Amino acid sequence: MSKTRLLRATGLVLAGGMALLSALALAALSTSRVQADPPAQQTEAYCLSCHSNPDLSLTLPSGENLSLHISPDMLSTSVHSPAGIECEACHTAIKTYPHPTINFQNKRELSRSYYQACQKCHPANYEKTQDSMHAAAAQAGNQAAPICTDCHGAHDVKPPAQPRSLISSTCGKCHDQIYQQYKNSLHGGALIQENNPDVPVCTDCHGVHNIQDPRTALFRVNSPDLCAGCHANQDLMSKYGLDSDVYNLYNLSWHGVDISVYKAKWPTTWHNSAVCTDCHGVHDILKADDPASTVNPVNLLATCQKCHPGAGPNWTGAWVGHNRIDQNRTPFLYYTEAFYASFIPFVLWLSIIYVGLQIIRATVDRVRRNLP
Amino acid sequence: MNAPSKQPAATAASVKLERTFQRFTLNQRWEHAILFLSVAGLLFTGLPQKYQTTGWGQWIISSPERLGQIQQIHHIFALLLIAEVLYHLIRGISLMARRRLPGAIFPTWQDLRDAWQMLKYLLFLTRKKPVYGKFNFEQKFTYWFLFFGIGILVLSGLVLWFPLFITRFLPGGIIPAAYLAHSNEAIVAAVFIVIWHFYHVHLQRLNLSIFTGRLSEDELREYHTAEFQRLTGEATVKSGNQGDSQ
């Protein structure tokens, strides 16, 4: 039915360029470094002579209707077509009309087959995706796991970060719940409402093509470094009146020492000592002075209690992780540190000098006794 | 309490019977042994925790389970030390209640004068060493330095062991302060023991009286002259001036 319609439609174009098409498509295939070659030919106009027809479609064995319509406008605004990279660069199996028969059961199977063409020109990024958790999900049999074209589009490939917020909304196509949290967070709000270039989008923390499972022990112990990528950057933080020492001070704290030891020695062993996100949240991070923030003083005890269930109201006073020792804020710590800052050298030097003098005097006495 | 053990006087010039004097009771010797054991155990299990980001610390703490074991051992030695501290305090208080607490270990003005005299001696400003009683100022300083040091370590250690309980009564700021104090005080105590105490009891002269409980007559006369006089009623002449006393 629709197959016959396709045949009828394409049958209209028994163009004389058929031979030319075959020859040049073969030429294009003869090298794997298509990117470096000049445009093979002007196939686009030839293909569009059929595929610009909005009614062109076929029905797959799954019963899905596959539209075969390609909008010329869409092609002309994509990154590939204006650069001379035309149909046959990706559709390498189709050299002429009539096309070879396709054996895909459903649309997804077709996409998962055709996207393999991307690696011809983008081998590095393709390799990276093979290490991603998306690829692992596909390996485990999840056909819905994303492939290149799910994020970048197929015929309508556009620069992925124009505007920058496009990155996060692209991820949000599947990860909607997290995207909603992110949108309402400090970072997401600044991105979407102000197009702020400094706040992180999904890929800044999760990586781009080789996205790893963020639920692993390894990701956890390394996560403070992700935050530090921006929050330990003095120039960046001073723009927002934030302290860029938070990471260094965290690393000296009880939690931070624990995590740095695990990071160095047992990165794949799960450890519960708090990382940044345990207290600040992950996708839903808010300003600390926002009353809804998990680290706002009104919520801080509840946040501590997630790990320290018996903690009472005085408990939050024990948290000094991100603040330099200060006479007003942490008086106990301030005076303890001040005491030991002089006491340790005092005891050390007192012992060394006194014992040293005793050794000298005892040696001199002994020498004198043995003199004739 | 430190009666000399009576022994017959020497009968021949070649045979010398040495009188010894009790310096520490059996209780005190046991207390020192337990203190020694627990402090050594606490330092060996505590220092790798303090320095767990260093190579040698991580060599000792070789697995997450090992860290847990080391903390458990630390707690066991801590209980031993706490038991010793409580015994020491309760015994001291009960002796005080019966007005039988020996006063020899308490600091006096004489100790300051002795220290000043010793300093002059060490700087070659005088040839006269101070004359000491049962405990000289160095030994008193050792005792009281470690008395308060261990007090700080026990209290801060308990805060770190039971932080949730402590913060029911005390402000949370206590906890990081206790962490800092525990960590620093341990270093102070270790440095002090190694430099000060080890020099005085091992290098300056080997003084094993805390293990044997006794000092020889010569040692007592030489190093605790005033105590020797008090115990024996004998006049002493400093051996430094007159050669070895017979």
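Hi everyone, let's start with a definition: two residues are in contact if their C-beta atoms, placed from the backbone, lie within 7 Å. By that rule, the contact between our two chains takes 34 residues from chain A and 30 residues from chain B.

Before going on, a word about the source. This is a predicted model, where local features need pLDDT of at least 70 and side-chain atom pairs count only at pLDDT 80 or more, while totals for chains, interfaces and linings use all residues. Residues are numbered from 1 along each chain as its sequence is written, and chains are lettered from A and ligands numbered from 1 in the order in which they are written.

Back to where the chains touch. On the side of chain A, helix H18 (254–265) and helix H21 (331–370) are the elements that give two or more residues. Helices here are DSSP runs of H or I with at least four residues, strands are runs of E with at least two, and both are numbered from the N terminus. Which helix gives the most to this side of chain A? That is H21(A), with 16 residues. By class, this side of chain A has 19 nonpolar, 12 polar and 3 charged residues. For those classes, Ala, Val, Leu, Ile, Met, Phe, Trp, Tyr, Cys and Pro count as nonpolar, Asp, Glu, Lys and Arg as charged, and the others, Gly among them, as polar.

Now let's look at chain B. Chain B has 11 helices and 2 strands, and from the N terminus they run β-α-α-α-α-α-α-α-α-β-α-α-α. Its C-alpha trace spans about 70 × 45 × 35 Å along the principal axes. Of the 246 residues in chain B, 25% count as buried. Buried means that 20 or more other C-beta atoms lie within 10 Å of the residue's own; exposed means 12 or fewer, and partly exposed is in between, with C-beta atoms placed from the backbone. Among contacts in chain B with a separation of 6 or more, 64% join residues 24 or more positions apart.

Let me finish with one residue, B:Tyr199, which sits in helix H7 (residues 174–203) of chain B. Why does B:Tyr199 count as partly exposed? Because B:Tyr199 has 17 C-beta neighbours inside 10 Å. Setting aside neighbours within four places in sequence, B:Tyr199 is in contact with A:Val355 and B:Gln204. B:Trp161 is 38 residues from B:Tyr199 along the chain, and their C-alpha atoms are separated by 34 Å.
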